[in-house]
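We will walk from stop to stop, with a short note on what to look for at each one.

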Amino acid sequence: MRSFHYERAADTPDAVAACAAGATIIAGGTNLLDLMKREVVQPERLIDITRLDLRTIESAEGGLSIGALVSNSDLAAHRDVRRDWPVLAQALLSGASGQLRNKATTGGNLLQRTRCYYFQDSAMPCNKREPGSGCHALGGATRLHAILGGSDACIATHPSDMAVAMTMLDASLDIIGKDGASRRLRLRDFYRLPGDTPHIETVLQPGDLIAKVVLPPPAGGRQTYRKVRDRASYAFALVSVAARIELAEGRIADASLAFGGIAPRPWHDPAVDRLLVGEVPSAALFARVADVLLDGAAPQEGNAFKVPLLRRTLTATLNELCREIPQ
Ligand SMILES: Cc1cc2nc3c(=O)[nH]c(=O)nc-3n(C[C@H](O)[C@H](O)[C@H](O)COP(=O)(O)OP(=O)(O)OC[C@H]3O[C@@H](n4cnc5c(N)ncnc54)[C@H](O)[C@@H]3O)c2cc1C
């Protein structure tokens with residue numbers, strides 16, 4: 001273990017000043033501390049933000065404002081979330097374990113790092129950890145890896161379930177920059193694809209602090225999160241689908257879908273949503289949607305199974321949401 005400097009911020013300006021001076025934020029610590037113990041990351045200075053006033057969940061702008069320090073447990077249990085954004089509660093409860101969700105925060109969950117075996121092993125080359133060192137996932141063990149959005153430099157997946165649900169819901173982030181100014185950003189524009197700079201994962205600037213997540217007003221229809229994984233609990237997604245479908249007079253009036261476990265970021269393809277709207281639900285339609293989603297998929301030998309798995313998971317999710325509900 002390397003030595004590092006630890007301090008606890010008293011308030012947001014205090015935290016912003018520390019971030020501006022190069023400190024790394026620690027919130028729940030459930031991801032950062034693991035990575036430090038494995039020497040995957042080696043911050044010299046930590047700023048603990050857990051005393052900041054960012055634990056509120058409240059109605060805002062017709063939707064919901066969620067402080068960055070709200071725990072994954074509290075968010076999943078919140079009455080408004082369970083009633084109006086159930087997909088988010090389901091995604092949260094499908095992740096990690098009860099103890100971890102009690103510590104894990106909303107901001108930390110969005111910024112957790114990939115579970116790629118090669119990134120997590122500091123003895124292995126990894127372009128994300130050490131730019132230019134190579135990628136041993138390519139041609140290596142790829143069960144958890146991307147089939148969409150990867151590059152010759154990196155095929156790691158983003159591990160968060162919560163972020164997939166929030167992407168489907170078109171959430172936004174309020175971010176405080178090192179000058180203390182706040183700005184808003186859609187989550188759909190937050191994560192970057194790896195290209196040849198896989199170490200740059202988001203559009204955050206050095207010193208930025210996520211203050212809150214804002215959900216838009218509840219939309220109609222039914223929503224669900226379906227996660228396929230190697231164990232029934234306590235495992236990351238091989239494939240996941242967050243979906244909302246609104247039916248009117250036998251047709252799909254509105255649709256929003258996002259996918260996890262298949263790409264370096266929560267995957268949202270507007271063409272998929274567009275293809276569904278105005279159509280009568282059918283097996284043929286769902287097959288066409290899967291074709292569009294998987295257009296450009298580039299699986300490796302070890303994760304080729306994700307192509308049919310994603311197709312089946314998507315179809316099962318759409319069948320569930322388009323089923324007539326007995327009155
Ligand atoms: C065994 C295990 C199983 C897990 N299974 C799942 C799973 O199935 N699904 C899933 O989605 N997750 C899973 N997780 C991940 C877990 O959800 C994350 O570790 C957790 O959400 C991270 O939150 P944290 O507050 O502890 O973040 P921290 O570890 O404190 O921080 C993580 C990163 O976010 C940054 N950060 C934190 N807060 C802010 C902020 N407000 N602004 C800017 N930067 C910030 C930190 O600097 C750090 O880089 C699992 C974790 C473990 C250990």
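Begin by selecting the ligand: 32 residues surround it, and the closest are I25, G29, T30, T105 and D161. A residue is near a molecule if one of its heavy atoms lies within 4 Å of it. Before going further, note that this is a predicted model, in which local features need pLDDT of at least 70, side-chain atom pairs count only at pLDDT 80 or more, and totals for chains, interfaces and linings use all residues. Residues are numbered from 1 along each chain as its sequence is written, and side-chain values use heavy atoms, with hydrogens and water left out.

**Around the ligand**

Which elements each supply at least two residues of the shell around the ligand? Colour β2 (24-26), α2 (32-37), α7 (106-110) and β8 (209-215) to see them. Helices (H or I, at least four residues) and strands (E, at least two) are DSSP runs, numbered from the N terminus.

Now display the polar contacts, which are pairs of N or O atoms within 3.5 Å; within protein, one must be able to donate a hydrogen and the other to accept it, and residues adjacent in sequence count only if both atoms are side-chain atoms. Pick A27, where a polar backbone atom is 2.8 Å from an oxygen atom of the ligand. Then show the side chain of K227, which has an N or O atom 3.1 Å from an oxygen atom of the ligand. At Q112, a polar side-chain atom lies 3.3 Å from a nitrogen atom of the ligand. How much of the ligand does the protein bury? Taken alone, the ligand exposes 980 Å², and the protein buries 92% of that. Accessible areas come from the Shrake-Rupley method with a 1.4 Å probe, and for residues only the protein chains shown count as cover.

**Domains**

Zoom out and colour by domain: domain 1 covers 5-51 and domain 2 covers 222-322. Their centres, taken over C-alpha atoms, are 36 Å apart. The bounds come from an automatic or database domain assignment.

**Aromatic stops**

The structure holds two aromatic pairs. Select Y117 and Y118: their ring centres are 6.3 Å apart and their planes stand at 70°, so this pair is edge-to-face. Rings of Phe, Tyr and Trp (its six-membered ring) pair if their centres lie within 6.5 Å; planes under 30 degrees apart count as stacked, over 60 as edge-to-face and the rest as tilted. Y117 is partly exposed at 34% relative accessibility, whereas Y118 is buried at 13%. Here buried means under 20% relative accessible area, exposed over 50%, and partly exposed in between (1.4 Å probe, protein chains only).

Next, select F190 and Y191, an edge-to-face pair with 4.9 Å centre to centre and 75° between the planes. F190 is buried, with a relative accessible area of 0%, and Y191 is buried at 6%.

Move on to F305, where R143 lies over the face of the ring, at 4.7 Å from its centre. A charge sits over a ring if NZ of Lys or CZ of Arg is within 6 Å of the ring centre and within 35 degrees of the ring normal.

**Across the chain**

Y234 lies in the loop between β9 (222-228) and β10 (239-248) and is partly exposed at 49% relative accessibility. Select G95 with it: Y234 and G95 are 139 residues apart in sequence and 6.5 Å apart in space, C-alpha to C-alpha.

For another such stop, take S97, in the loop between α5 (86-93) and α6 (98-103). S97 is buried at 16% relative accessibility, and its C-alpha is separated by 9.2 Å from that of A235, 138 residues away along the chain.

Then pick L294, found in helix α11 (residues 283-294) and buried with a relative accessible area of 10%.

**Backbone stops**

Is E39 buried, exposed or partly exposed? At 30% relative accessibility, E39 counts as partly exposed. E39 sits in the loop between α2 and β3 (45-48) and has a positive phi of about 60° although it is not a glycine.

Finish at E249, in the loop between β10 and β11 (251-260). Its phi is near 50°, a positive value in a residue other than glycine, and E249 counts as exposed at 84% relative accessibility.
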